[in-house]
Amino acid sequence: KPRLTGRISTSTFSHGVKTFEYDLALSAKNRTAMLAALKLIHPDIGADLEAKVTAEGSEADKAKTLFKGMFEREVGTNIQKGKFGQALAEILADATVEFDVPSYVTLALKHAASTIV
């Protein structure tokens, strides 16, 4: 059986800006994949949100608009993170889809892999 070595409490990993989804949305490549995933589960919300995101100026504003439009909706219910995650996984199963993984996730996975013996 694999077992962990070392202690997690001693790690020096940082976290992202707000939430995992917000951090993903900071990348233009990721926003494209995220909007495609949203359109799979909520085509009308996805199309509306895509127009709003495109109209924003800065990368941070685009990320904020996408995040709020999915998970802090002013009208209607929020998008379910689990359902969205499954749709995003379906989009990312296509090897041609470009996607940026936040560095803190990459570092955490490398750390986890190095502590299993």
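Which residues in α2 meet which residues in α4? In this predicted model, where residues are numbered from 1 along each chain as its sequence is written, local features need pLDDT of at least 70, side-chain atom pairs count only at pLDDT 80 or more, and totals for chains, interfaces and linings use all residues. Side-chain values use heavy atoms, with hydrogens and water left out.

On the α2 side there are Ala28, Arg31, Met34, Leu35 and Leu38, and they meet Glu59, Lys62, Ala63, Leu66 and Met70 of α4; contact here means heavy atoms within 4.5 Å. Sorted by class, that contact has seven nonpolar, no polar and three charged residues (nonpolar: Ala, Val, Leu, Ile, Met, Phe, Trp, Tyr, Cys and Pro; charged: Asp, Glu, Lys and Arg; polar: the others, Gly among them). Helices are DSSP runs of H or I with at least four residues, numbered from the N terminus.

Two packed helices are described by the angle between their axes and the distance between the axes. For α2 (residues 28-41) and α4 (residues 59-71), the axes come within 11 Å and cross at roughly 20 degrees. These axes are lines fitted to C-alpha atoms over the stretch in contact, with angles running from 0 to 180 degrees between N-to-C directions. The two helices are therefore roughly parallel to each other (angles under 35 degrees). The crossing of α2 past α4 is left-handed, that is, the near helix is turned anticlockwise from the far one by less than a right angle.

Next come the aromatic rings. Rings of Phe, Tyr and Trp (its six-membered ring) pair if their centres lie within 6.5 Å, and planes over 60 degrees apart count as edge-to-face. By this rule there are three aromatic pairs. One of them joins Tyr22 and Phe67, edge-to-face because the ring centres are 6.2 Å apart and the planes sit at 80 degrees. Tyr22 belongs to helix α1 and Phe67 to helix α4, so this pair ties together parts that are 45 residues apart in sequence. Both Tyr22 and Phe67 are buried (under 20% relative accessible area, 1.4 Å probe, protein chains only).

Phe71 and Phe84 are edge-to-face too, with centres 5.9 Å apart and planes at 80 degrees. Phe71 lies in α4 and Phe84 in α5 (residues 81-92), so parts 13 residues apart in sequence are tied together. Phe71 counts as buried at 9% relative accessibility, and Phe84 is buried at 3%. Tyr22, Phe67, Phe71 and Phe84 form one aromatic cluster.

Glu21, in helix α1 (residues 20-25), counts as buried at 14% relative accessibility. Neighbours within four places in sequence aside, Glu21 touches Met34, Phe67, Phe71 and Lys81.

Technical notes. Angles under 35 degrees count as roughly parallel, over 145 as roughly antiparallel, 65 to 115 as roughly perpendicular and the rest as oblique. Buried means under 20% relative accessible area, exposed over 50%, partly exposed in between (1.4 Å probe, protein chains only). Rings of Phe, Tyr and Trp (its six-membered ring) pair if their centres lie within 6.5 Å; planes under 30 degrees apart count as stacked, over 60 as edge-to-face and the rest as tilted.
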